[in-house]
Amino acid sequence: MDDSKIIDLYFMRDEQAITLTAKKYGQKLNSISFGILGDRMMAEECENDTYLKAWNAIPPAEPRAHFFAFLAKITRRLSISRIRDGSRQKRSAVLVELSSELELCLPCEGTVEQTVDQKLLMQSISVFIKKLPSEQRIIFVRRYWYLESIDQIAKKLGIGESKVKSILSGGRKKLKEHLEKEGFAV
Amino acid sequence: MRGDELLDLFEDLDEELIEEAAEATILQAPVYKKRRTLLIACVCALLALSFPMVLLFSALFLEDAPVTNAGKDEEASNGIEESEPGEGWSEDGQHSDNGYISGENSFYPPEESVAPVDPMPSVPLPDEQTITLTLQALSSVSLQIKEGVVCAVQGENENGKALLADLELEGLSYPQALNTLFSAMMKKGEFVSSRLLTLSLVSENMDELTKVEKEILEQGARTLEQNAESNGNVVKIVVTPAV
């Protein structure tokens, strides 16, 4: 069914909307959550929580153009929260590893001004990623948004791990330069 | 910001980017395309080369492999115990030397099966010579053979005439004709009851035949014997001059 029709059902408060959402995107959302949490049961819980959050958010939210991205964002947020709750110590190490990769190219020292400018920083990162070549862009998003391991990315995209590593390294270098140009202290 | 909070900076990434990355599977970079194409081409070439080789080897080693006692010995040495006649080969305990079982209760071969037709004898028959042979059994049949090919047939008795009515032997080579006749006779049940059977191939002009021609007749008779034996029948064929 078309995303727009599913959104209409949300607006009409028809519970069929959740069934149809699960049918269309359930597997993908579960896969995102499992990639972050590494636990089948928790991933399922996060998937179900996503439907509830979506039910509560629509309306007023009306994500007709990018319904999947809207749901995926909720799933990602919920999954990361689960890790931060402390229930998944091993997975927490994965998040720290990912962040340590980014430390060299993102502003880390938290000043009040920078905290205020966080929104701007996020927008700037988004703009930077959009400008990257297709291959680099996809790998960057898979690594830092979907939080996939280098091994997983290499397998999914059919390329070598070393290539993935070098693309990510090059991307981080470019990101640092981009943010410095934009006036962020890296 | 500290620790894993840096990842939050990516949280509000543009929706298009998220969806694009979700849909991306195998990247179609030209270099990988080239490598894949090369690999597929190599595999296809290998398959194309190996196929005729397999056919050649199978033609050489499988089709012409004779059924010999050596094969039986090999089976025995591989752990398959060789049985003696009368120790469970068949209910009536009969068997032939080439390993086939015969008898009413035998498992194989079917008595109606048509024996494989051997090619013409290696020695050609003289061009102009016509040989008349009579296959004497319950159905008695005469064959006229010219240049190694049956040119005329005649039933010598009622059974022979009835047998020929269902067969088209003219134009067949001499051994083919003998095989066809023998198979037809088996189907009619002429040889079912007899284990050892003597057929006479009678040549009316035997005295006029050269040594080579006699040899050819003998060859045909031996071919028929071998084919009959491979079908579980012991047949002895004697080529004799007409009385």
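**Two chains and their interface**

Q: What share of the contacts in chain B with a separation of 6 or more comes from residues 24 or more positions apart?
A: That share is 52%, with contact meaning heavy atoms within 4.5 Å. Before we go on, this is a predicted model, where local features need pLDDT of at least 70, side-chain atom pairs count only at pLDDT 80 or more, and totals for chains, interfaces and linings use all residues. Residues are numbered from 1 along each chain as its sequence is written, chains are lettered from A and ligands numbered from 1 in the order in which they are written, and side-chain values use heavy atoms, leaving out hydrogens and water.

Q: And in chain A?
A: There, 64% of the contacts between residues at least 6 apart in sequence join residues at least 24 apart.

Q: How many helices and strands does chain B have?
A: Six helices and five strands, in the order α-α-α-β-β-β-α-α-β-α-β from the N terminus. Helices (H or I, at least four residues) and strands (E, at least two) are DSSP runs, numbered from the N terminus.

Q: What about chain A, how many of each?
A: Chain A has ten helices and zero strands.

Q: I'm looking at Ser124(A). Buried or exposed?
A: Ser124(A) counts as buried because its relative accessibility is 6%. It sits in helix 7 (residues 118-131) of chain A. Beyond its neighbours within four places in sequence, Ser124(A) touches His178(A), Leu179(A), Glu182(A) and Phe184(A).

Q: Switching to the interface: how many residues of each chain are in contact?
A: 27 residues of chain B contact 45 residues of chain A. Together the chains bury about 3600 Å², 62% of it on carbon and sulfur atoms. That area is the accessible area (1.4 Å probe) that two parts lose on being put together, summed over both.

Q: How many salt bridges across it?
A: Three between chain B and chain A, taking a side-chain nitrogen of Lys or Arg within 4 Å of a carboxyl oxygen of Asp or Glu. One of these pairs Glu15(B) with Lys73(A), at 3.2 Å from N to O.

Q: Which element of chain B gives the most to the side touching chain A?
A: Helix 1 (residues 15-23) of chain B, with eight residues.

Note on methods:
Buried means under 20% relative accessible area, exposed over 50%, partly exposed in between (1.4 Å probe, protein chains only).
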